Amino acid sequence: MSSTVMSGNHKDQPMSALEETRTSLCDQFASISGSDSAVAQCYLAENEWDMERALNSFFEAHMDSVFDVEDAEETKNVPGTKRKGVNSSDTADTSGTKKKFKTDKVDCIDLTAEEPTCSSSVNLTKSPAESGVTESDAEDSKLSIISWNVDGLDTLSLAERARGLCSYLALYTPDVVFLQELIPTYIQYLKKRAVSYLFVEGSDDGYFTAIMLKKSRVKLLESEIISYPTTQMLRNLLVAQATFSGKKLYLMTSHLESCKNQSEERMKQLRVILQKIKEAPEDAIVIFAGDTNLRDTEVVKVGGLPPGVCDVWEQLGKQEHCRYTWDTKANSNKTVPYISKCRFDRIFLRSAKTGPGVTPDHMALVGMEKLDCGRYTSDHWGIYCTFNT
């Protein structure tokens, strides 16, 4: 990250400009951390106005205790306690529609025993009847994903909201999960419960992204983290190369620069993503999913999506029911003095240039039920999406 350090070497800077710079840093810190300007000024001043150091100091001080109560309860209840399982009837049907949503405490989500095995002998050039492929086999070959900004920076009811996320993972059993705005304690919580997933992380401190891969269905080959040179908000691009049912996947997630006034930086970051999509191996299916914070005009300004790359929501007919992933009228997690509806969270797809193609099949928003604590899993709705492979 490119840091801004305000110290003695800036004493020749006019005071008004220095004050303006520091005020801007305070605003950015408050926006990222969910704190106020007084807290921001305190942490920035203690860390010589270095944004990254100040944020790390803030997270270390405030986040470690978020799950302490629940962890203490688990330790207390370990002896003689039976592990609560996931009811196999509480699953998504083949159209992706939820039957039932439960937010009970689940000590561990291990879905591998219930997962179907993929048939590697399917001849894609034949019809289902000719090749002996059943409807179940066709469903097994579908790739399912969830993308979600889980708002880990908001510590209010965070443990309950993390349990809510785990319940959705149990409900939908996605093959790949793209998460944004995680913090270390949140991802450690997930690792203890979602044991049927492999975690690929975009960082190990501050707040960051991660990609979760279902171990029985998706095999990781390699991963990398690509920096955004001029970000002021600790943002980067996380890439994981993997295989699914014999097909290569090139998976990407990111949390692009937030706030309306960061449009130029956000477009720089989008250009990096689109370039990586174009450079991805020709025999790989490329899926980017994340919190882009994009406005449609910004996509137009960078020249639109490259040939062969589609916005999945648009490809599926721009269905209104899954358009807005940030909706301050419907989602009450954030108390703001305005109503805003935005399609911040997006999925981009590029089919492999060689071999069988892949097409979007279904999209729905998730997390739209309030939890027992009276809040939603996040201030963003998640996106559940399936693909025909």
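Me: How are helices and strands assigned and numbered here?
Reply: They are DSSP runs, where a helix (H or I) needs at least four residues and a strand (E) at least two. This is a predicted model, in which local features need pLDDT of at least 70, side-chain atom pairs count only at pLDDT 80 or more, and totals for chains, interfaces and linings use all residues. Residues are numbered from 1 along each chain as its sequence is written, and side-chain values use heavy atoms, with hydrogens and water left out. Helices and strands are numbered from the N terminus.

Me: In which strand is Thr209 found, and is Thr209 buried or exposed?
Reply: Buried means under 20% relative accessible area, exposed over 50%, and partly exposed in between, with a 1.4 Å probe and protein chains only. Thr209 belongs to strand S4, residues 208-214. Because its relative accessibility is 5%, Thr209 counts as buried.

Me: Which residues does Thr209 touch, not counting those up to four places away in sequence?
Reply: Contact means heavy atoms within 4.5 Å. On that basis, the residues touched by Thr209 include Leu179, Val200, Asn236, Leu238 and His255.

Me: What is the relative accessible area of Glu181?
Reply: Glu181 is placed in strand S2, residues 176-182. Although not a glycine, Glu181 has a positive phi of about 60°. Glu181 is buried, because its relative accessible area is 11%.

Me: Where does Ser245 lie?
Reply: Ser245 is not a glycine, yet has a positive phi of about 50°. Ser245 is partly exposed, with a relative accessible area of 29%. Its place is the loop between strand S6 (236-244) and strand S7 (247-254).
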